[in-house]
Number of protein chains: 2
Amino acid sequence: MYKIRKCQKEDVPAIVAMLANDKLGMLREDYREPLAQKYYDAFEKIDSDSNQQLAVIEDERSKVIGTLQLSFIQYLTYQGGKRAQIEAVRVHKDYRNKGIGKQLFAWAINEAKTKKAHVVQLTTDKKRPEALKFYESLGFKASHEGLKLHF
Amino acid sequence: MYKIRKCQKEDVPAIVAMLANDKLGMLREDYREPLAQKYYDAFEKIDSDSNQQLAVIEDERSKVIGTLQLSFIQYLTYQGGKRAQIEAVRVHKDYRNKGIGKQLFAWAINEAKTKKAHVVQLTTDKKRPEALKFYESLGFKASHEGLKLHF
């Protein structure tokens, strides 16, 4: 079991490197050193929002090897229920198939239960069939279509 | 064109009545008069969160005939981008096919652009094929699977 903890400002470059090192992420991220300020600005907004939990997972040498963002959203629906939403999941390329994604999800699902969410939800790009299989293996049901309108 | 405005506490029963008057909503809501406190508690949490906009649309006689919740979520992904998410859309049964949903979406998309979101996203239950068609007519692309894990 690796250690999962809250993301600190110092972790942001390692997270963005993982986001960018991906067939879809490489088209939309801007990873360079030093990292652009816009990523730090985004981190500050996430970090100061009590509904947001940006997590990292690290190996024995404290190297960041995975990340996941968990957001809580309050609705009137489901009798005034709160939803937990997972986004921006990445595991470092050198650490795949070691159960790290599974550990991150176990943490997120446990957090969601602790904080009394009634559902955990996420969307996954149809171009990632292997991700869909992974989520289904955790008990998620693909009951919905996920729609996007990009500006 | 009907008037769209911020939801007030007094509108909550009318919204819950619409949420419950629906083939899926009737199974999960608890609409009775007086309305249960849990809905008002949820409203207070939404109302006090600057990332949340709960909107209602009203007719000429100030009757609430539709609702939509717009939430902004900050991520590191997409170069520190902010997403706008739409959920809990309902139009009163007596006011369907009058362009009210379209007007609510035009408002939400405009709000998302004004607040510099890079994408508007939503999920729709696969049991609502007519809703999917409506969203696609607005330009949304069903590029993702929407997964849920209910507790």
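**From values to words**

In this predicted model, the structure holds 22 salt bridges over all chains.

Q: What makes A:Glu58 and A:Arg5 a salt bridge?
A: The closest N and O atoms of A:Glu58 and A:Arg5 are 2.8 Å apart, and the cut-off for a side-chain nitrogen of Lys or Arg and a carboxyl oxygen of Asp or Glu is 4 Å, so the pair qualifies as a salt bridge. A:Glu58 belongs to strand 2 (residues 52-58) of chain A and A:Arg5 to strand 1 (residues 3-6) of chain A, so the pair ties together parts that are 53 residues apart in sequence. As a general point, side chains of opposite charge can pair when their charged atoms come close.

Q: How do you know that B:Glu87 forms a salt bridge with A:Arg83?
A: Between B:Glu87 and A:Arg83 the closest N and O atoms are 3.6 Å apart, a distance that lies within the 4 Å limit, and therefore the pair counts as a salt bridge. Between chain B and chain A the count is 2 salt bridges, and there are also 37 residue pairs in polar contact, both residues being at pLDDT 80 or more. To the side of chain B that touches chain A, strand 6 (residues 141-150) of chain B gives the most, with 10 residues, and the residues of that side divide into 27 nonpolar, 18 polar and 15 charged.

Q: How many residues does each chain bring to the contact, and how much area is buried?
A: The contact takes 60 residues from chain B and 60 residues from chain A. Chain B and chain A bury about 5,900 Å² between them, with 60% of it on carbon and sulfur atoms. On the chain B side, B:Leu76, B:Leu147 and B:Phe151 lose the most area to chain A, and together they make up 15% of what that side buries.

Q: Why are helix 1 and helix 2 of chain B called roughly perpendicular?
A: Helix 1 (residues 12-20) of chain B packs against helix 2 (residues 37-47) of chain B at an angle of about 110°, with the axes 11 Å apart. Angles of 65 to 115 degrees count as roughly perpendicular, and the two helices of chain B are therefore given that name. Their contact is made by B:Val12, B:Pro13 and B:Val16 of helix 1 and by B:Tyr39, B:Tyr40 and B:Phe43 of helix 2, and by class it has 6 nonpolar, no polar and no charged residues.

Q: What kind of peptide bond joins A:Glu33 and A:Pro34, and where does A:Pro34 lie?
A: The bond between A:Glu33 and A:Pro34 is a cis peptide bond, with omega about -5°, and A:Pro34 lies in the loop between helix 1 and helix 2 of chain A. In chain B, a cis peptide bond with omega about -5° joins B:Glu33 and B:Pro34, and B:Pro34 is placed in the loop between helix 1 and helix 2 of chain B.

Terms used: Residues numbered from 1 in each chain as written. Chains lettered and ligands numbered in written order. Predicted model: local features only at pLDDT ≥ 70, side-chain atom pairs only at ≥ 80, totals over all residues. Heavy atoms only, no water. Axes fitted to C-alpha atoms, helices over the stretch in contact; angles between N-to-C directions. Helix = DSSP H or I, 4+ residues; strand = E, 2+ residues; numbered from the N terminus. Parallel < 35°, antiparallel > 145°, perpendicular 65-115°, else oblique. Contact = heavy atoms within 4.5 Å. Nonpolar A, V, L, I, M, F, W, Y, C, P; charged D, E, K, R; others polar. Buried area = accessible area lost by both parts, 1.4 Å probe. Polar contact = N/O pair within 3.5 Å; in protein donor to acceptor, adjacent residues only side chain to side chain.
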